[in-house]
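Trainee: Could you walk me through this one slowly? I would like to learn the terms as we go.

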Amino acid sequence: MAALADQALPGVARHAGRLGFRSEIEGLRGVAVLLVVLYHATFSWIEGGYVGVDVFFVISGYLITRLLIDEFETGKFSVRNFYVRRIRRLIPSLLATILVTLAAGIVILSPEHLRELAASSLAAALSLSNFHFAFSDGYFETSSRIKPLLHTWSLSVEEQFYLLWPFVLLVIFRVAALRRHLFLIVGLVLAAGLVASEFAIGQNPAWAYFLLPFRAYQLLAGAMAVWTERRLAGLGRGPATALTCAGIALVVGAALVFDEASPFPGLHGAVPALGGFLIVAAGGRAPLPARLLSVAPLTALGRISYSVYLAHWPVVVFARYLSVGPFSSLEKWLLCAASVGGGWLLFHAVEARFRLSGAGKGSGHRWRETLGVAAAAALVLALSWGVRATGGLPGRMDLLPEKREMARAMGFQFLEDYRNGVLHLGRGTNGRRVLIFGDSMMQNYVPALMALPGIGDAEVTLITRGGCPMAAESLQVVHGGVDRGCRDLRDRIYADQGRYDLAIWNQSWMEYADRLFLERDGGFVPAEGDGIDRWRAAILATEAALAPRVGKLVVFGPQVTVENVPEILSRIGPATDLSAIPPAYAAMRERDAAARDRFAAALAALLPDAVVVDPRRIICPGGACRFSDGALSWYFDPIHHTAAATPMLTGALLPELAGALR
């Protein structure tokens, strides 16, 4: 998206017509940003619209390489001027977007989400947001769908490319042996990058998606188009038209066929990249497709596409944040209109002013303007740091006590009161020792358990982590590697030789699927089978390991899973309409009941000497399931309980555990 600033407006330096304006590329930019906006507005018929970003990468690689080669060949390249142009044309709009987004976030977002926004704005202002998002994945991490600056990852990828690519090309141009084989060198690096990207998907999908080494092949496809375009100088209109139409078909086809489950980027990402490459390399010689891409609406949208891209995602995120349910068809189209309108305002208020303001005023003016942009960046960094350091300005919620209390009631109480890891709780006054262990399904019940006299008065050791199987001999394998932090916590349970009067265990039995492995002969093998069969060996190993030192074992069965839990429960902020939430509880329904019930029955049969607590008896007493008390929900997502559920859980657990607490 970034180098595209050179394409859109007059006044850009040109040499011998080489850098002349190409309206079909402008139109292609319009197509790319339209695909992205439609996809993010959640139209179901274009679930692969994210490929518009890949097309942007190709165009950016093409335009920046074309500009650099022209300057190398004419001896006009200047490192200072190159980066001054990049800063003036890209950063002002980005900084304006960050500032407006932060201001809106202060009004709309909860402290937790505002804090994350401030962290991502720091990264975005430093052109490091792709690293921020690649490494921020975690259990209970803020959903990517409500991160207002998530889209800046692609800008960071391009800016990092611009930091490296001019010097790589300059070295190649200055070494005759390398220059003679430039096309081959870039082609080999492109191929290696594609292979690395495909491999990385299986190892770490987040890195593959966000980081430059695994996206570089798409930018280099644009660079290859520069030399390919020269080699196709004599190509006839017929073949050029065929190539361009094939490129359009690849881009549009990928947008219509791909979805969020498609492994990406890798080989799938090569499809829109190839499409963009063909259009850019041959499109100028194909009259009919060129005219199609050059229609006024597309070129007008392409002209402001950088600003539209910057504006659209915060618009969508804030609308989603305040919405109780999915967008209606009308709301989706209104979001598209607001995105384009916001982009048009940003373009005319910021982007165009900076891109043209230095025309005819000399390098001194441009340098002073660059310093002004640097000062603005410092302001953004200071503001972002301040918001993050305060924890997302939590004092805002104190001004709105009703919303503050609702947010607390709808939170996950374990995360408010405790943390992951090993904790020592309880008053230790009754002489009993209790071990509680498991993943977040166990954390669901910890506040309620600690309210029970027989446990709250005991000496309690708590070993938990979300997304971590704690069964003996069990492992979680992610991206081909063992989750070592999880394994280390698990080992704390079985290395402890102390005696306990009571041990309480719970897992997200239905969730691990192909991530659950078993330790065998110094390595690990997949846990095979379905349902209880997948867990059988680990459950029996756990019972056997604990039996010599635990008086009574309590095991919770599978959680009652609920669909249609209003997502807004996890994002109550200053602007949330509380009155719109309770009516949404009526849509909450149990999900996967039959599979859950089979597992619960099999678990009770497998552990006849343990106390097996079936959550159905708690949530559905007498067979009638209740997921709220009418005013407050007991679920904040399909499997986790809210703080408001704790009194209900405490009352229900007392008779369930009466025998074990004696």
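Mentor: Let us begin with a term: helices (H or I, at least four residues) and strands (E, at least two) are DSSP runs, numbered from the N terminus. This is a predicted model, in which local features need pLDDT of at least 70, side-chain atom pairs count only at pLDDT 80 or more, and totals for chains, interfaces and linings use all residues. Residues are numbered from 1 along each chain as its sequence is written, and side-chain values use heavy atoms, leaving out hydrogens and water.

Trainee: What is the order of the strands in the open sheet of four?

Mentor: The order is β5-β4-β7-β8, with antiparallel pairing, where two strands pair if DSSP finds at least two bridges between them. β5 (481-482) and β8 (523-526) each have a single partner strand, so one side of each has no neighbour in the sheet.

Trainee: And how many bridges join β4 to β7?

Mentor: Three bridges join β4 (residues 474-478) to β7 (residues 516-520), and L475 has F517 in β7 as its bridge partner.

Trainee: Which helix lies across β4 and β7?

Mentor: That is helix α26 (residues 532-546), which runs at about 40° to β7; axes are lines fitted to C-alpha atoms, for helices over the stretch in contact (heavy atoms within 4.5 Å), and angles run from 0 to 180 degrees between N-to-C directions.

Trainee: New topic: what is the mean pLDDT of the protein chain?

Mentor: The mean is 90, and 94% of the residues reach 70 or more, pLDDT being the predictor's confidence in each residue, from 0 to 100. Over residues 3-18, however, the pLDDT is below 50. Where pLDDT is low, the predicted coordinates should not be read in detail.
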